[in-house]
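User: I would like to learn how to read strands and aromatic pairs in a model like this one. Could you take me through some cases?

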Amino acid sequence: MDTKALLSVANLSISFGTPKKRMEVVHGVSFDIQPNEILGIVGESGSGKSVTSLAIMGLLPTKDTHIKGSITYQGESLTAMSPKELRSIRGNKIAMIFQEPMSSLNPAMKCGPQVAEMLLQHTDSSTSEAKAAVISLFDQVKLPDSQRAYNAYPHQLSGGQKQRIMIAMAIACKPKLLIADEPTTALDVTVQKEIILLLKELQQQHQMSILFISHDLSLVSEIATNVLVMYRGNAVEYGNVHQIFTHPTQEYTKALINARPSLTTRYQTLPTIDDFLGDQDVTPIVVTKEMRAAQHAALYNTPPLLEVKNVSKVFFNSLGLFQKTAVTAVDDVSFNLYEGETLGLVGESGCGKSTLSNVILQLDQANSGHILYRGQDITQLNSSAIRTLRKEIQLIFQDPFASLNPRASVGKAIMEPMKAHRLYASDAIRKQKTLQLLEDVGLEAAHFNRYPHEFSGGQRQRIGIARAIALQPKLIICDESVSALDISVQAQVLNLLNRLKQQFGFTYIFISHDLAVVKYMADQLLVMNKGQIEEFGEADAVYEAPKKAYTQKLINAIPKGL
């Protein structure tokens, strides 16, 4: 144990359960955090990152939780402290930013008073002094209108603004150690970059240490000086971030670095964790510019499958009895989509990506313009014809858990659309087709009778894919379908989507705020900004030579690694 360290974790083991049925999830992990240091902890879901951080904060449940080893803060043992002693440190000397700001903030309470609570709890500030301090904090974390943010409820702010509120709350009492647990996971790349720069700036300004937790090693390399790589509860690599990123010694670390789509080289399939940890050859096949040009020549020598012509969608918000305000979500958008193509649709939250997909699916009606599917204008269809169209155009949702019925087995969830569209003669045949679909997406026939909560995030996304392809559609819209997944699981799902495209001849509209992922998947790239098409062209050409400042901003925000 380093006596000069701000925080020392030595041989930490954490297990849950009764003595008869106990499971160890963290196995003898050790690391130090020095004053003014940023340490990154990186690893997949289930690697023990968040459990370790909760143990430091003293937030693990007391019942059936067993902690061995030591956690020492400025020479004092945190594991030996009483709940009252921990409360005086938690939020005051050690603070935490949680992964999901919406579930961390009280939805029934205004944002300003929530942050003021921290100051009233840990300092002698009066209510008026606390309010003034909070508004000053909101200015520090660069909220655009600190006075408005003080009086706003969480649902009235964007994801990036809510995360800034959480950062303001965490730094309110000027802690010596800030734990940031996946603070940018669900954010746009541009907002993610802003949050990273903000954390670095605040760290220098307040002379504090940061423990930054993420599943993305490229992102960690943008902020941390040292990094700890965790895998299945073990510390597999620990050291300087530059050394680990450029010369990793462990196969798992190599896998984490290589699973993210390359920004310079296009591979036929992405290397996965299993490839690196198994006996497979991990030298990926490179797709050359000539190969890609030949594919595109064949692809675009056919009539378009989908034609979107001058489509606009306006929403009206009521401001009172006689007052309405118009918000143009999609503004005069036109493009063609060809059979067998993957069209990448990229832009920040609120740019109109999902609204455009809803209009194509006829879940929302366009205010103007036309959408032709196989030459037929689908904006003019009646409800019966739209129901038939649903079989041809399917959607893979962003959050598979929210889109699956928790009370229905996955087999039933996949069979349901087949029954609704009267596919196949009997349930026995539908079940047989469902078992085959489960195997097609990399699951097992034995999973048929299991429920959504029994699966990991990556497995649930595979179930969502199986349900989408159950009707043998021609066009599939993937709406942020990999944004919440670990880098390694993301690589598996992207490979799966490409394999299914080859196998079944699918056409994709692939929506994401992550330009690196979209560039890898897409033939053509469509960049949206404020409801309009900002830039459109061949994906590699747009990335290599973006014409618009907005596209350049999106590209510059991608974590590049070292």
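User: Which residue in S17 is the bridge partner of Gln394?

Analyst: In this predicted model, the bridge partner of Gln394 in S17 is Ile476. The two strands, S16 and S17 (residues 475-479), pair in the parallel sense over four bridges.

User: How should I read the two faces of strand S16, and are the residues there buried or exposed?

Analyst: In a regular strand the side chains alternate between the two faces of the sheet. In S16 (residues 393-396), Ile393 and Leu395 lie on one side and Gln394 and Ile396 on the other, and all are buried, so that both faces are covered.

User: Why does Ser15 count as buried?

Analyst: Ser15, which has its place in strand S1 (residues 7-18), counts as buried because its relative accessibility is 7%, and buried means under 20%. Leaving aside residues up to four places away in sequence, Ser15 touches Arg22, Met23, Glu24, Val25, Asp64, Thr65 and His66.

User: How are aromatic pairs described, and why is the pair of Phe506 and Tyr508 tilted?

Analyst: A pair of aromatic rings is described by the distance of the centres and the angle of the planes. With ring centres within 6.5 Å as the rule, the count comes to four aromatic pairs. The planes of Phe506 and Tyr508 stand at 40°, with the centres 6.3 Å apart, and the pair is therefore tilted. Both of these residues, Phe506 and Tyr508, are buried, and ring pairs link Phe504, Phe506 and Tyr508 into a cluster.

User: Where does the charged end of Lys313 sit?

Analyst: The charged end of Lys313 sits over the ring of Phe315, 5.1 Å from the ring centre, while that of Lys519 sits over the ring of Tyr543, 5.3 Å from its centre.

How values were computed: Residues numbered from 1 in each chain as written. Predicted model: local features only at pLDDT ≥ 70, side-chain atom pairs only at ≥ 80, totals over all residues. Heavy atoms only, no water. Phe/Tyr/Trp six-rings, centres within 6.5 Å; stacked < 30°, edge-to-face > 60°. Buried < 20%, exposed > 50% of the residue type's maximum accessible area, 1.4 Å probe, protein only. Lys NZ or Arg CZ within 6 Å of the ring centre and 35° of its normal. Contact = heavy atoms within 4.5 Å. Pairing = 2+ DSSP bridges.
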